[in-house]
Amino acid sequence: MKIIKSFVKPKTREGYYTVVANCDDDIWYLYNLIAVGDIVRLSTFRKVKQPKDNYSSKKVERKPVVLTLGVLSVDFTSDEKGTTLSLKTKNLRENTYVMLGQIQTIDVELFSKIQLIKNRWSREDEDLLKEASDVNYGVDSVVMLYDDGFASFYNIKTNFTKF
């Protein structure tokens with residue numbers, strides 16, 4: 001994970017980190033960092049219907065939007081298709097395409113910038129974030145178990161194991 005920018009007040013521990021998830025493991029770290037009640041700011045796309053004119057039918061365009069969202073729930077899925085982090089959120093800032101208070105589910109994607117804002121950053125959260133951003137931390141180990149023509153592979157990290 002790459003930390004782009006950060007600001008945390010020393011006394012109150014209130015602040016934010018702006019990060020980019022570079023691999024599936026980073027999505028797992030974000031799952032452990034984002035909690036209900038946190039605020040996330042990210043860029044996404046919204047489908048916008050264009051008005052109908054005399055010569056064409058309704059057209060739908062994808063417009064980029066920066067959203068500030070309050071986290072209502074966090075869901076993590078990891079399977080053979082990949083790793084997914086879904087956030088059920090409530091819009092905290094009204095803009096042209098999204099109403100204030102609108103509930104939506106956002107998937108956190110790889111290589112997209114996300115700003116995580118907390119009222120209080122715990123030392124454990126900051127340690128976890130620094131661990132995720134340290135390229136030398138937690139060297140991977142791979143284990144293969146073989147029995148009667150069936151092989152299982154496990155990727156062992158410091159904090160978790162993937163089948």
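## Starting at Tyr16

Tyr16 sits in strand 2, which covers residues 15–20. Strands here are DSSP runs of E with at least two residues, helices are runs of H or I with at least four, and both are numbered from the N terminus. This is a predicted model, so local features need pLDDT of at least 70 and side-chain atom pairs count only at pLDDT 80 or more, while totals for chains, interfaces and linings use all residues. Residues are numbered from 1 along each chain as its sequence is written, and side-chain values use heavy atoms, with hydrogens and water left out.

What does Tyr16 touch, leaving aside its neighbours within four places in sequence? With contact meaning heavy atoms within 4.5 Å, the partners are Lys5, Ser6, Phe7, Val8, Gln115, Leu116, Ile117 and Trp121. Take Lys5: eleven residues separate Tyr16 from Lys5 in sequence, and their C-alpha atoms are 8.2 Å apart in space.

## The chain as a whole

The protein chain has two helices and ten strands, and their order along the sequence reads β-β-α-β-β-β-β-β-α-β-β-β. Looking at contacts between residues at least 6 apart in sequence, 50% join residues at least 24 apart.

On the solvent side, the chain's accessible surface is about 10900 Å², and carbon and sulfur atoms own 51% of that. Those areas come from the Shrake-Rupley method with a 1.4 Å probe, and for residues only the protein chains shown count as cover. Of the 163 residues, 34% are buried. Buried means under 20% relative accessible area, exposed means over 50%, and partly exposed is anything in between (1.4 Å probe, protein chains only).

Helix 1 spans residues 24–33, and seven of its ten residues are buried, so helix 1 is largely enclosed by the rest of the structure. Those buried residues are Asp25, Asp26, Ile27, Trp28, Tyr29, Leu30 and Leu33. Helix 2 (residues 123–133) has its own buried set: Asp125, Glu126, Leu128, Leu129, Glu131 and Ala132. The cover over the buried residues of helix 2 includes strand 1 (2–8), strand 2, helix 1 and strand 7 (113–118).

How do the axes of helix 1 and helix 2 cross? They come within 10 Å and cross at roughly 175°, which makes helix 1 roughly antiparallel to helix 2. The axes are lines fitted to C-alpha atoms, for helices over the stretch in contact, with angles running from 0 to 180 degrees between N-to-C directions; over 145 degrees counts as roughly antiparallel, under 35 as roughly parallel, 65 to 115 as roughly perpendicular, and the rest as oblique. At the contact, Asp26, Tyr29, Asn32 and Leu33 of helix 1 meet Asp125, Leu128, Leu129, Glu131 and Ala132 of helix 2. By class, that contact has five nonpolar, one polar and three charged residues. Nonpolar covers Ala, Val, Leu, Ile, Met, Phe, Trp, Tyr, Cys and Pro; charged covers Asp, Glu, Lys and Arg; the others, Gly among them, are polar.

## The largest nonpolar core

In the largest nonpolar core, which has 28 residues, Leu30, Ile34, Val40 and Ile114 touch the most other members. A nonpolar core is a set of buried Ala, Val, Leu, Ile, Met, Phe, Trp, Tyr and Cys residues joined through side-chain atoms within 4.5 Å. Elements that give two or more residues to this core are strand 2, helix 1, strand 3 (39–50), strand 4 (59–79), strand 5 (82–91), strand 6 (103–108), strand 7 and helix 2. Helix 1 supplies the largest share, five residues.

Not counting residues up to four places away in sequence, Ile34 touches Val40, Val71, Val74, Leu85, Leu87, Ile114 and Leu116.

Most residues other than glycine have a negative phi. Arg13 has a positive phi of about 65° although it is not a glycine, and Asp148 is another non-glycine with a positive phi, about 50°.

Arg13 is in the loop between strand 1 and strand 2, while Asp148 is in the loop between strand 8 (141–147) and strand 9 (150–156). Buried or exposed? Arg13 is buried, at 11% relative accessible area, whereas Asp148 is exposed, at 76%.

## Two partly exposed leucines

Leu110, in the loop between strand 6 and strand 7, is partly exposed at 34% relative accessibility. Leaving aside neighbours within four places in sequence, Leu110 is in contact with Ala21, Asn22, Cys23, Asp24 and Ile27. Leu110 and Ile27 are 83 residues apart along the chain, with 7.7 Å between their C-alpha atoms.

Leu72 lies in strand 4 and is partly exposed too, with a relative accessible area of 38%. Beyond residues up to four places away in sequence, Leu72 touches Val36, Lys88, Thr89, Lys90 and Ile103. Its C-alpha is 6.5 Å from that of Gly37, 35 residues away in sequence.
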